[in-house]
Amino acid sequence: IMAEHNELRNLAKNLAADFLKQKNYKILIRNFRYQRAEVDIIAEFEDLIVVIEVKARSYNALIEPQEAVTKKKIKAILLCSDFFMKENQIDKEVRFDIITVVPNESGKLEINHIEDAFQSFDAN
């Protein structure tokens with residue numbers, strides 16, 4: 001089961017990256033790690049740095065994939081992206097997006113891009 005999960009995750013990340021490229025996002029780095037935190041995709045779009053968390057589901061779950069992004073996970077993403085910005089001396093506004101990859105009724109994977117996904121979260 002775990003191998004299947006990882007395969008889906010990698011497939012979802014690849015689909016998300018292709019999807020972003022089609023929308024004129026410039027992928028800066030994938031699977032960026034800092035300490036124990038990881039960010040799936042960091043991209044540049046217009047004058048923004050966009051940090052993207054990719055969430056995949058192989059079935060219709062009771063909770064939406066984006067609801068699986070916990071406060072702890074958000075803190076990790078913030079820590080990680082913060083480090084990336086400092087390390088690369090980038091001084092731009094950062095936006096946090098979530099891309100979900102979920103099969104529709106016919107089993108085809110559908111991509112949903114949620115922009116500015118964390119603004120409604122309280123990171124404290």
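Trainee: Which residue is the bridge partner of K26 in β2?

Mentor: In β2, that partner is E44. Keep in mind that this is a predicted model: local features need pLDDT of at least 70, side-chain atom pairs count only at pLDDT 80 or more, and totals for chains, interfaces and linings use all residues. Residues are numbered from 1 along each chain as its sequence is written, and side-chain values use heavy atoms, with hydrogens and water left out.

Trainee: What makes β1 and strand β2 (residues 37–45) a pair?

Mentor: Strands are DSSP runs of E with at least two residues, numbered from the N terminus. Two of them pair if DSSP finds at least two bridges between them. β1 and β2 have seven bridges, in the antiparallel sense, so they pair.

Trainee: Why do β1 and β5 stand at the edges?

Mentor: The open sheet has five strands in the order β1-β2-β3-β4-β5. β1 (26–34) and β5 (109–114) each have a single partner strand, so one side of each has no neighbour in the sheet.

Trainee: How do you know that the span of α2 agrees with its 17 residues?

Mentor: A helix is a DSSP run of H or I with at least four residues. The expected span is 1.5 Å times one less than the number of residues. For α2 that gives 24 Å, and its end C-alpha atoms are 24 Å apart, so the two agree.
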